[in-house]
Amino acid sequence: MSIRRDASLAALVLLAACSGPRLTEAGRTTPQTTPERSGFAETSRLAEVESFLDALRTLPFANRMQRQTFGTSHEGRELPMVRVARADVDEAASLRALVLANIHAGEVEGKEAVQVLLREFAAGQHSDLLDRFVLYLVPVYNADGNERVALTNRVEQNGPDAVGERANAQGLDLNRDFVKAEAPETRALLAAMNRIDPHLFFDLHTTDGSWHGYDLTYAPSLSPNCDPQVAALSRTLLDDATASLLAQPAPIRTFDYGNFETRDWDGGGAPSSQDDVRGWWTYDHRARYCVNGFGLRNRIGILSEAYSNAPFAERITSTRAFVLACLRAAAQRSDAVRSTTRDADERLVAGGASARFGFDTNFAAPERLEVLVGDCERIALPDGRGVRFAKKDGFAREEMPVFRSFATKRSVDLPEAWAIPEPRAEVVEALRRHGVRFRVLEEPCEATVRIFAVAKKRKPKRPFQGHQELVLEGDYGTPVVRSLPRGALWVDARQPLARLAATLLEPQSEDSLSTWNFLEAQTTDAYPVLQVVRR
Ligand SMILES: [Zn+2]
């Protein structure tokens, strides 16, 4: 952390605390966010976000903003979304980005950074981005959690004192719900993804973990089943953003999300050469995390994790800057973003043997990289509320193994299609919600199929998110001719969402509808979804 940046932040806090609403050059009052009004002591409630959005209408470029409703929360709150675009934009020809803040409602700076960005767009800033982009920003995704403000939520976070709750009003973690889509908020998110088809999707969080030396850490979609070229482009955009943020006058340090841990690693399939490895380990590859699930749609998902031990005002600054840097990186490579995502779709539609579906996933071999190690000060909170950790200035540089990607040990070819002879309504609905295309057979038909023989079912004793996740072991048999009845579901694998369809339907998928018990009642010795290998 440079002294220069600390000084400018202190000045900002002082300005916000002492000067009241700021005046624009035209003499109009500039709307302020709740943190700005409170000297960064408070975060905004939903009603305050709505009044702030209303107040932006007074700004000179407010016609670039369009208020929409993203969906409705479990408790019936309408979730605001703002579309930002030039009036004469050709949306179909533009890049599109969806920015989701506040999925974990105690992690509050994304919500505030989105409001700051909206004010800047309404004031006419970032016009260059609107030459390329149509943006959709959702400041308060988990609105019910946001309103459950308590001093006991996220006490270790370096301010503000009172924040909302992680889960939604059903007690569901919205960032574990992407596959099963049980929450109305997730269903609204999937509907928005289907309607908008964003090239970029941002999910804004705050860390919970290790004391590192970064302002913010990030991850692309970590599913090993993502299109490799989309994955490579995601990495390029993150590298571009990292470099541009570091080159700013007040540098913002970013790196891949992770934690300092010592973990068992089996060498990625090689005979066990290493056991306990101390390094920097990323989180998870499964599609229940919305950025990972989004990547399976052949688009660019970006997880943003502002550093929990940095002061609230700095976290807002870093999150805003990171989103802008990624958007600028994508705008500068707009042709590549368009062609890479389109080609990934077209490769699947064309079929062919190139696409396989992998499972039995572990961390890929680490890269040896420099990681910034930080330190924190412990601050005892009043009334026995616990201990807050505030970062100390500076960091140490340490080279270590960095585990930031995953690899699969086994895989199967994508079939021609999947067939579900007796589809249950909730399975049909789940596919529809995800936007996976399918048809219902109007006449019986014969097809050559492979049937997965279930050798073993495993379930943990403890439920997770209200489910006992099911793991299936077994093998596909040799192809057989099978008659499919009228009413059977036919899910063509030659479609843009084939990677997502495989994740939802394959028996060995590590995060499927089967995992979340949607198919369990029908899973006997044979798995109820068949791979069609010839029509
Ligand atoms: Zn989070």
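Biologist: At what angle do the axes of helix α8 and helix α11 cross, and how far apart are they?

Modeller: The axes of α8 (residues 228-246) and α11 (residues 334-350) come within 9 Å and cross at roughly 160 degrees. Axes are lines fitted to C-alpha atoms, for helices over the stretch in contact, and angles run from 0 to 180 degrees between N-to-C directions. This is a predicted model, where local features need pLDDT of at least 70 and side-chain atom pairs count only at pLDDT 80 or more, while totals for chains, interfaces and linings use all residues. Residues are numbered from 1 along each chain as its sequence is written, and side-chain values use heavy atoms, with hydrogens and water left out.

Biologist: Why is α8 called roughly antiparallel to α11?

Modeller: Angles under 35 degrees count as roughly parallel, over 145 as roughly antiparallel, 65 to 115 as roughly perpendicular and the rest as oblique. The angle is roughly 160 degrees, so α8 is roughly antiparallel to α11.

Biologist: Which residues make the contact of α8 with α11?

Modeller: Gln229, Val230, Leu233 and Leu237 of α8 meet Ala336, Val337, Thr340, Thr341, Ala344 and Arg347 of α11; contact means heavy atoms within 4.5 Å.

Biologist: What makes arginine 328 partly exposed?

Modeller: Buried means under 20% relative accessible area, exposed over 50%, and partly exposed in between (1.4 Å probe, protein chains only). Arginine 328 has 28% relative accessibility, so this residue counts as partly exposed. Arginine 328 lies in helix α10.

Biologist: Which residues does arginine 328 touch, beyond those up to four places away in sequence?

Modeller: Arginine 328 touches His126, Asp128 and Leu129. Aspartate 128 and arginine 328 are 200 residues apart in sequence, yet 8.6 Å apart in space, C-alpha to C-alpha.

Biologist: Which residues touch the most other members of the largest nonpolar core?

Modeller: Phe70 and Leu189 do, in a core of 88 residues. A nonpolar core is a set of buried Ala, Val, Leu, Ile, Met, Phe, Trp, Tyr and Cys residues joined through side-chain atoms within 4.5 Å. The largest share of this core, 10 residues, comes from α10. Among the residues that phenylalanine 70 touches are Leu79, Met81, Leu100, Val138 and Leu189.

How values were computed:
Helix = DSSP H or I, 4+ residues; strand = E, 2+ residues; numbered from the N terminus.
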